[in-house]
Structure formats: C-alpha cells, structure tokens
Amino acid sequence: MRVAIAGSNGLACLIADAITTNTYHQIIILSRAPKPHLTARGWQVVIVNYDQSHRQELAFKLAGVGIVISLISGPTQIGLIDAAAQAGVRRFAPAEFEGPAALRPQPDALDRGKRDALERLRYYQTRGMQYTSFVCGVLYERFAPGGMYASRIGLRSGIGAEGDYLINIAQKRAKIPLGANGQPANISMTSAEDVGRFIAAAIGLPQWPPELRMRGDRMSCSRLVQIAEIVRGAAFEKDRYDTQSMQSAYQLARSSGEIQEQLRAITLIATASGRYDFQAPNLNTMVNVTPSRFQAWLQDAWKDR
C-alpha cells in the first residue's frame with residue numbers, strides 16, 4: 001500500500017522512518033518545496049500545492065494512495081482532505097497528536113483548524129473514507145534539551161522551545177497546574193519515536209475507529225517534576241497555579257500583547273482542565289509496540305548534559 005505523509009518536519013520523518021523500517025508499505029512525502037535531505041534517504045518527495053484552486057492536480061498526485069497521514073493544519077489540511085476524498089483514498093489521519101478532541105473547549109484558542117478538519121472527515125466518512133485521530137497526549141520531546149524545536153517538531157506552535165511547557169529543566173524551574181479538585185493535573189505522554197512506531201503498526205489494522213489512543217506513560221504534573229529532579233539530581237523551584245492564578249497570568253499576557261506568554265498560559269489552563277489526559281489507550285492493546293517509559297527516556301535525553 002502507498003502511504004502519503006503530508007509534511008516534512010521531525011514527527012513526519014519519524015513516522016516515515018517507522019513505516020519504512022517496520023512495514024513493506026511504500027511512502028511518499030508531500031511537500032511544498034524540494035527536500036534533498038529526504039530524497040537522499042531514498043524517500044520519494046512529491047511537490048504539491050494545497051490551495052483549493054489546485055485540488056484537481058493534488059488529487060491526481062494522490063492517485064493510488066491508500067492512506068494519508070497529515071502533519072499540516074488549517075485551510076491547507078482541508079484542501080488535502082478534499083483532494084484525498086476525490087482521489088479515492090481509503091483512510092485519512094489528520095494532524096491531531098495531542099489529547100482527545102472531546103476534551104477541548106469551544107471556542108478553542110489552540111484549535112488551528114482541527115475542528116473543521118474533523119467535521120470534514122466525518123462528512124467524507126459517510127462516503128466511504130475512514131479516518132482516525134491519533135491521540136498521544138504530550139510528546140516527551142517537550143522536555144528534551146532544546147524542547148520540541150530541537151527535533152523539528154511543533155515549529156509553528158509558538159511554544160515548542162525548551163521550558164515553554166511545565167518545566168525548564170536546564171534552569172530547574174517548574175510550573176504545576178492544579179485541577180478543579182485542587183490536586184496537580186494528570187497528563188498522558190508518548191515519545192515522538194513511539195508515535196511513529198504506533199502509527200506504522202496501526203496501518204495494518206482491519207478497521208480504523210474515530211480515535212486510536214496511544215500512551216507511553218501517565219502521571220501527575222508533580223510526579224513529572226519529581227522525575228526531572230531525580231534525573232538532574234537537584235531540587236527545582238516550583239510554582240503551583242490554581243484556576244485564578246492561571247487566568248490572571250493569561251489576562252496579564254493578553255493586556256501586554258505578549259503572544260508567547262498567552263500561549264503558555266492557555267496551555268497551562270488546558271493541562272489543568274485535563275485536555276492532555278485520557279483513559280483506555282486502545283491502540284496499546286491492538287498492536288505489538290512497547291513504548292518507552294518517561295523516566296528512562298528523560299534520563300537518556302539528559303545523560304550528557
């Protein structure tokens with residue numbers, strides 16, 4: 001089967017590598033520009049234009065593709081969904097890779113077109129194209145040296161640098177959001193490499209439900225900080241945030257026009273509300289993938305620092 005991966009960032013490459021390493025499926029990388037470093041790896045890079053005015057051309061380039069895995073968002077993803085349906089693609093995985101959609105507020109400041117994409121996919125599902133949202137919670141790479149950006153993940157998120165989310169390990173500082181019960185919020189997490197392995201394994205499933213949930217680890221934010229302290233061998237400065245203090249931080253950032261601080265506050269609020277936590281990781285039970293646990297992963301990520 002031909003699998004098209006839309007995007008060429010770090011997560012896209014990890015998914016592509018997992019598919020080529022663990023399956024016999026052929027991949028193509030959809031990109032708006034040439035990617036010599038990907039071509040050098042033996043991957044076929046197809047230059048595309050996602051604008052609606054080029055939908056026929058995009059559909060032509062998707063001819064013979066069985067699955068599309070998207071790592072693009074907004075109107076470009078809508079154009080890709082429409083072209084995939086026109087080309088007769090059997091399965092589509094949108095750019096999700098976080099918590100379950102049902103846990104997001106409406107309106108959602110972190111949406112980036114995800115709701116529209118899911119609505120479009122539900123429409124095409126009635127016409128025979130399956131879809132699934134790959135739910136993985138928080139990526140371990142948020143806590144790596146250099147953050148997600150070091151792995152070329154979340155480059156347009158605005159909050160992918162080291163220290164942007166919960167913990168700045170290098171500076172030994174942490175923010176612990178408290179849930180409505182006054183206790184530290186829980187989060188589910190997975191490494192980006194394991195996300196790729198789970199997705200590669202999911203390609204062979206006979207059916208795709210609307211959500212396939214994977215998880216490497218689950219813990220409270222306070223336990224997360226404890227693990228970071230163990231790995232670094234030092235106590236961290238810790239600030240606890242209840243609902244009022246998180247809202248105050250957001251309003252202060254908004255009034256001063258600090259976009260990045262707004263995003264940090266919104267993500268902290270989302271964590272406290274349970275957006276990145278979930279039960280029943282169904283994909284873990286459906287495929288033969290053993291994910292890395294967070295403490296072992298973090299120890300390895302920081303071992304030479």
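**From the strands to the pockets**

Guide: In this predicted model, strand β1 (residues 2-6) runs parallel to β2 and is joined to it by five bridges, where strands (E, at least two residues) and helices (H or I, at least four) are DSSP runs numbered from the N terminus, and two strands pair if DSSP finds at least two bridges between them. Residues are numbered from 1 along each chain as its sequence is written, and side-chain values use heavy atoms, without hydrogens or water. Because the model is predicted, local features need pLDDT of at least 70 and side-chain atom pairs count only at pLDDT 80 or more, whereas totals for chains, interfaces and linings use all residues.

Within the pairing of these two strands, A4 has I28 of β2 as its bridge partner. Both strands belong to an open sheet of six with parallel pairing, whose order is β3-β2-β1-β4-β5-β6. At its edges stand β3 (44-47) and β6 (130-131), each with a single partner strand, so one side of each has no neighbour in the sheet.

A pocket here is an open set of points on a 1 Å grid over the protein atoms alone where a 1.4 Å probe fits, with protein on both sides within 12 Å along at least five of seven lines, and lining residues have an atom within 4 Å of a point. The largest pocket has a volume of about 1,100 Å³, and of its 39 lining residues N9, L71, R112, G154 and L155 lie nearest the centre. By class, this lining holds 19 nonpolar, ten polar and ten charged residues, with Gly counted as polar.

Strand β8 also takes part in an open sheet of three strands with mixed pairing, in the order β8-β11-β13. Its edge strands, β8 and β13 (217-220), each pair on one side only. Strand β11 (residues 186-190) pairs with β13 in the antiparallel sense over four bridges, and I187 has M219 of β13 as its bridge partner.

Methods:
Grid points are joined across faces, edges and corners, and a volume is the space filled by probe spheres set on the points.
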